[in-house]
Amino acid sequence: MVTPCRAQGEPVAAALIQKHAETNFQELFEFLALPNDAVVPADIQKNADWLEAAFRKRGFETRQLPNNGKPLVFAEYAHKVATARTILFYMHFDGQPVIPAQWSQKNPWQAVVKERTSNRETAPRWQEIDAARLRESKLDPEWRIFARSSSDDKGPIMMFLTAFDALKAAGMEPAINVKVLVDSEEEKGSPAIGVVATEHKTLLRADGIVINDGPLHISNQPTIVFGNRGITVVRLTVYGAKTNLHSGHYGNYVPNPAQRLASLLASMKDDDGRVTIAGYYDTVKLTDAERKIMADVPDDENEIKQRVGIAKPEAVGHNLQEALQYPSLNIRGMESAAIGDKGANIIPSQAAAELDLRTTPGANPAYLAGLIEKHIHDKGYHLTKGEPSNDERARHDRIASLVIARGSSAAFTELDSPLGIWAQTSLAKTFSEAGEPAKTVRIRMMGGSVPTDKLVEALDLPFVIVPLVNPDNNQHSFDENLRIGHFLDGARVFTGLLRSRF
């Protein structure tokens, strides 16, 4: 018998959430057992079908949104509140490719449960335990579920479904209207998300978007992210002679493109790591209030330097969070002639570098690439669209090409937006102790890129990112894992958001 619906905002007991988590772990294992690399449409279809059944089981109406054989899944909770606003929750069910031999288990899609056998944080050791222990009444929050997509992003989807199970058992209904969009190609950059969202704009109509992806701040405090940088990749090639030349016969006479490329790249940043290209940082305008919020993020600068192994950070910002507010210019790879055992004494005919540029509000891919192109021109280079012609070689001393890949723009919601205040208030209340609201980590803009720009642009909605999983989850790598304590807390986050009136 369902008890009468309780007051809006009343928390769901942690014990009730754990009870349904224990039941749902088996369902999560079934979900994880479905391979989900988006390069295999048949696998994506199986996942989409599974999701529809799982959401319908919880009282959702569902449909699949066509996407070149890799459908997205839309779900809407059938119980609606006439006077309430609507939140669109965004998650994804596709995963990164795997190399099974790298994993410390037989199959990356067959989830296993492990416990730590060493207290050394720098090199933890793990031992497999019986998965049936997840149904025990005393779950160890330190246990981990190891499988591809356990944390990125099937775990959060199951946290969401568990929250609905707990609400139903408590006789509660959401205080908001709920829609869900589950992406099928997030790990491939969601190339079609903008088109799909535009085609189904009426279906996806809402008052705000909550994105559930990524790890909590390393402090493990409740975290809200208000924006993310975008990314684009450019390939810079500097040309020399028509072919590789003997360095003894032509050294000191024919210019070396590798040397010129190195000089050109060096001219783009100073010794403190700041980009020196004119105008590169001009669009970043930080207020004193925003700088204070960034300074309040509990980053341990000494711990970060020790963990990554550096003596001194670059001087782009006063701290890590501030540095992430600026567009970046990163050399992600360089190539010219071979070295080592396969090296030859030559002057190479060309040298290339690939740069990844993290974009920020006001500094989209076209803006940053345009500044780089002007900088190269100002250094005396003639830019060509490919291999230079004989005429170009005869007329220009310095020749290069700049190829710009498809990129994404940054997306950002003001920290004092109604959506941001709603999410922050909910998290602070959910994890309050002794009546005192919990402290929430507010990240103005995270450094990484998620494909929110096309979704936000298509729907014209504010958004926040509410990450849920453990920071040490190994996402995108082998031995990806989800901490049990974070699963339980994630379900609490969802029940809190669902019960908070927006």
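Which residues are buried in helix H7, residues 288-296? Before I answer, please note that this is a predicted model, in which local features need pLDDT of at least 70 and side-chain atom pairs count only at pLDDT 80 or more, while totals for chains, interfaces and linings use all residues. Residues are numbered from 1 along each chain as its sequence is written, and side-chain values use heavy atoms, with hydrogens and water left out.

In H7, the buried residues are Glu 290, Ile 293 and Met 294, where buried means under 20% relative accessible area and exposed over 50%, with a 1.4 Å probe and protein chains only; helices are DSSP runs of H or I with at least four residues, and strands are E runs of at least two, numbered from the N terminus. These three lie on the same side of H7, because they cover an arc of only 100° around the axis, taken from the directions from the helix axis to the C-beta atoms. On the other side, Asp 288, Ala 289, Lys 292 and Ala 295 are exposed.

Finally, Asn 67, in the loop between strands E1 (60-65) and E2 (72-77), counts as buried because its relative accessibility is 5%.
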